[in-house]
Amino acid sequence: MACMSVLTRDEAQNRAQLLDVHRYTIELDLTTGDETFDSRTLIRFSARTDADTFVEVKPAELRSVTLDGQPLDAETLDGNRLPLKNLTAGEHELRVDASMRYSRTGEGMHRFTDPTDGETYVYTQLFLDDVQRVFAAFDQPDLKAVFELTVTAPEGWTVLANGITEHTGEGVWRAAPTPLISTYLVAVAAGPWHSVRTEHRGLPFGIHCRRSLAPHLDADADELLDITRACFDRYHEKFEEPYPFDSYDQAFVPEFNAGAMENPGLVTFRDEFVYRSAVTDTERQTRAMVIAHEMAHMWFGDLVTLTWWDDIWLNESFAEYMGYQTLTEATRFTDTWTDFGVTRKPWGYDADQRPSTHPVAPENVQDTASALLNFDGISYAKGASALRQLVAWLGEKDFLAGINIHFRRHRFGNAGLADFIDSLAAATERDVHAWADAWLRTTGVDTLTASVDSRPGQWDLSLDRDGERPHRVTVGVYDRDLHDGRRLLLRERYETDVPPDAAPEPRTGTHPALVVPNDLDLTYAKIRLDDTSLETVLRGLSGIPDALTRAVVWNSLRDMVRDGELGTADYLATAAAHLSEETDLALVQGVLAFASVHIADRYSVPDRRPAALTTLTHLCRDLIRRTEDGDHPGLRLTAVRQFIDVAAHPDTIAAWLADGTVPGGPELDPELRWRVLARLAVLGAVDEAVIAEELRRDPSATGQEGAARCRAALPDEDAKARAWEAMFGSDDRTDLSNYLFTATAQGFWQPEQADLVRPYVSRYFKDAVAVAARRGPAIAEAAGRWAFPAHAVDAETLKLGQKCLRKADPIPALRRKLVDQLDDLARALRVREA
């Protein structure tokens with residue numbers, strides 16, 4: 001079969017001008033075996049003029065095609081395109097009968113058999129252009145249609161879909177017709193689900209998971225449903241347009257590539273969100289934010305959908321902003337912006353400083369392969385930050401008024417950036433078009449550098465801007481507490497514009513101990529403190545009273561390390577001095593993650609890495625001691641996890657594993673047991689027999705991943721060879737699933753084993769290109785993200801990677817990951833040199 005073609009922007013525009021698609025009637029039969037399922041599709045559409053076009057389908061076997069009752073030659077299928085020649089103006093009916101392959105990579109119709117109980121589940125993930133793997137379609141977002149689905153499933157299964165489903169007997173399930181939606185939003189999830197159902201505001205709500213996770217879902221059902229109801233009600237207070245679908249199901253599905261997917265009426269989540277081990281409250285907050293994010297998509301993306309993929313931000317930036325803001329307003333999670341500041345914004349900052357950066361709203365995304373690359377820290381974190389800045393500049397009242405105008409104008413239709421800006425402009429007198437040009441059409445991160453000048457009774461702040469965007473920021477001014485020199489007291493907060501409209505007035509008072517530009521984190525920019533403020537935070541960061549301010553400061557220190565302006569040892573010393581006093585768990589987790597993954601593993605030269613790990617070990621031990629009273633279980637769990645990950649010697653954690661508990665708690669649940677075992681494998685303190693015994697103890701899907709990770713981490717030549725073959729071998733029958741591939745890759749590269757794995761560094765670039773070409777974008781993403789030798793920070797690795805980009809022609813998904821990884825590697829080299 002010929003290679004698959006990606007849809008270009010021009011092709012989509014031409015087809016949208018030609019066709020109106022009215023209705024899909026789809027019959028799926030999931031009872032035909034383990035490898036394939038049957039797919040029969042009837043598409044009713046009309047053509048505005050006589051022309052040629054095509055429909056997309058990726059079958060295992062194309063049995064028959066008829067257009068208006070006349071058979072078409074199935075042999076004309078070219079890759080994924082079936083030509084429709086000599087189409088006449090008027091109404092048409094296209095019927096396609098095909099056998100389709102199940103997926104093991106989380107794309108199309110993914111099939112999973114639970115190793116715990118042998119039960120099988122299937123679900124669709126049709127984003128961005130994978131509907132073609134399930135049924136024939138005119139696959140572009142602006143050809144919306146009504147979808148009617150009938151699914152034949154094995155006895156004992158339940159079928160979920162975008163609309164309410166009804167079992168009509170003999171394994172046949174019929175879903176209610178959808179309103180007008182885009183092809184990529186169609187969803188089916190089938191299997192022997194465990195379900196918890198309720199009703200809210202007259203609509204059926206449900207949460208679903210595989211049966212082996214039932215006790216864990218039941219334990220959290222009240223929390224999940226309470227958050228769902230609270231967000232649902234808050235969105236109805238914000239939005240004039242009511243929820244546009246007939247039900248709201250949330251299915252937690254196995255081996256899911258993303259965090260979640262906003263299918264109308266049937267949101268799918270990765271089922272790691274059904275917690276089977278202890279988690280921190282920050283992790284619960286993250287799950288709640290994803291629930292809020294996906295529900296926001298019911299309006300931003302599902303009700304009003306982008307016209308083409310250059311407006312991804314209209315989906316993701318809005319859902320990201322609304323998810324955090326609504327969670328703060330409607331639930332017990334009131335500090336979500338601190339978590340956003342310390343975990344999400346750095347994702348955006350990092351992405352925006354790489355060669356692969358792009359505007360939040362790029363002007364011309366050429367094709368679907370290019371579009372898929374833009375689901376990154378810019379479309380999510382930077383875009384949400386830009387919207388937060390817009391609200392600060394515009395005011396929430398006018399912002400929401402513009403949004404509601406947008407919904408009224410484009411409900412069940414498509415819209416682009418110009419449409420949205422016009423809607424905002426209708427609600428305000430401010431020049432939102434100029435704002436959009438400055439914020440959404442540009443790339444890169446501005447830097448705001450503070451300088452403070454003082455004289456008796458007065459002081460001045462000037463903010464030098466390296467960049468072109470206008471910023472509205474809140475400046476926080478702090479003094480030392482005269483009674484407790486470790487504490488800082490807020491003197492005042494005031495708003496200012498950068499650049500200022502006029503020369504700023506001097507502030508009254510003495511020279512502050514600390515001045516924090518962007519104190520409430522309302523803009524998107526790197527911050528450089530003045531010299532006095534920098535000295536204050538290095539000595540007294542834990543004394544800053546507000547967690548969100550501390551997040552701004554920690555991000556500034558992080559950026560300084562990445563830019564070679566602050567030594568790695570200084571960052572670690574600051575962490576050691578202040579993190580043991582930190583009360584916000586998101587900050588502890590974010591700082592420890594940067595210190596271990598970036599500073600210890602990448603930015604520290606090999607002979608200094610042991611000292612970095614020792615500093616982190618002592619810090620974690622201090623946190624464990626601090627939490628012995630049991631009052632801070634999340635902080636203790638975080639410290640225990642990090643202690644395990646940085647342990648340089650096996651004795652302590654091996655004793656924990658043998659005892660089944662950390663002295664004073666917590667007990668080692670499955671997640672902690674596999675974590676300890678993985679670190680012991682790296683240190684050469686366990687063997688295959690111990691891993692196999694643990695897998696017998698925990699044969700779940702998560703246990704299978706844990707075992708794969710541990711086996712790949714063993715410091716043994718044969719173990720490394722087996723892991724490499726499992727990832728990059730070319731036997732379709734034994735290909736690892738997306739999750740097992742990732743777990744194996746996570747275990748393979750270890751800084752402690754640099755000499756052992758050195759021969760694989762050069763092999764990586766050839767083998768990753770081959771496996772990505774053979775297995776597609778999802779595995780390409782995993783190969784580029786997790787299987788890349790990030791520990792090998794040296795000029796030779798950089799040279800090999802650059803040669804690969806020049807000569808090997810990796811598929812777009814892998815090329816993007818390699819560009820990013822190599823840029824990070826080059827940055828690590830610069831930091832080491834600095």
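**Exercise 1. Which residues is Thr744 in contact with, leaving aside its neighbours within four places in sequence?**

Solution. Contact means heavy atoms within 4.5 Å. With its neighbours within four places in sequence left aside, Thr744 is in contact with Ala708, Ala712, Ala723, Met727 and Leu736. The model is predicted, so local features need pLDDT of at least 70 and side-chain atom pairs count only at pLDDT 80 or more, while totals for chains, interfaces and linings use all residues. Residues are numbered from 1 along each chain as its sequence is written, and side-chain values use heavy atoms, with hydrogens and water left out.

Thr744 is in helix α22 (residues 738-748); helices (H or I, at least four residues) and strands (E, at least two) are DSSP runs, numbered from the N terminus. Its relative accessible area is 6%, so Thr744 is buried. Buried means under 20% relative accessible area, exposed over 50%, and partly exposed in between (1.4 Å probe, protein chains only). Last, take a distance: from C-alpha to C-alpha, Thr744 and Pro141 are 35 Å apart in space, and 603 residues apart in sequence.

**Exercise 2. At what angle do the axes of helix α15 (residues 609-626) and helix α16 (residues 633-646) cross?**

Solution. Axes are lines fitted to C-alpha atoms, for helices over the stretch in contact, and angles run from 0 to 180 degrees between N-to-C directions. The two axes come within 9 Å and cross at roughly 150°. Therefore α15 and α16 are roughly antiparallel to each other; angles over 145 degrees count as roughly antiparallel, under 35 as roughly parallel, 65 to 115 as roughly perpendicular and the rest as oblique.

The residues that make the contact are Leu613, Leu616, Thr617, Cys620, Arg621, Leu623, Ile624 and Arg626 of α15, with Leu635, Arg636, Ala639, Val640, Gln642, Phe643 and Val646 of α16.

**Exercise 3. Is Arg201 buried or exposed, and is Asp521 buried or exposed?**

Solution. Start with the backbone. Arg201 is not a glycine, yet has a positive phi of about 50°. Asp521 is likewise not a glycine and has a positive phi of about 60°.

Then the positions: Arg201 is in the loop between β15 (194-200) and β16 (203-209), and Asp521 lies in the loop between β27 (514-516) and β28 (526-528). Finally the accessibility: Arg201, at 51%, counts as exposed, whereas Asp521, at 5%, counts as buried.

**Exercise 4. Where are Pro499 and Pro666 found?**

Solution. Pro499 is in the loop between β25 (488-498) and β26 (507-508). The peptide bond from Val498 to Pro499 is cis, with omega near 0°. Pro666 is in the loop between α17 (651-659) and α18 (670-682). Gly665 and Pro666 are joined by a cis peptide bond, with omega about 5°.
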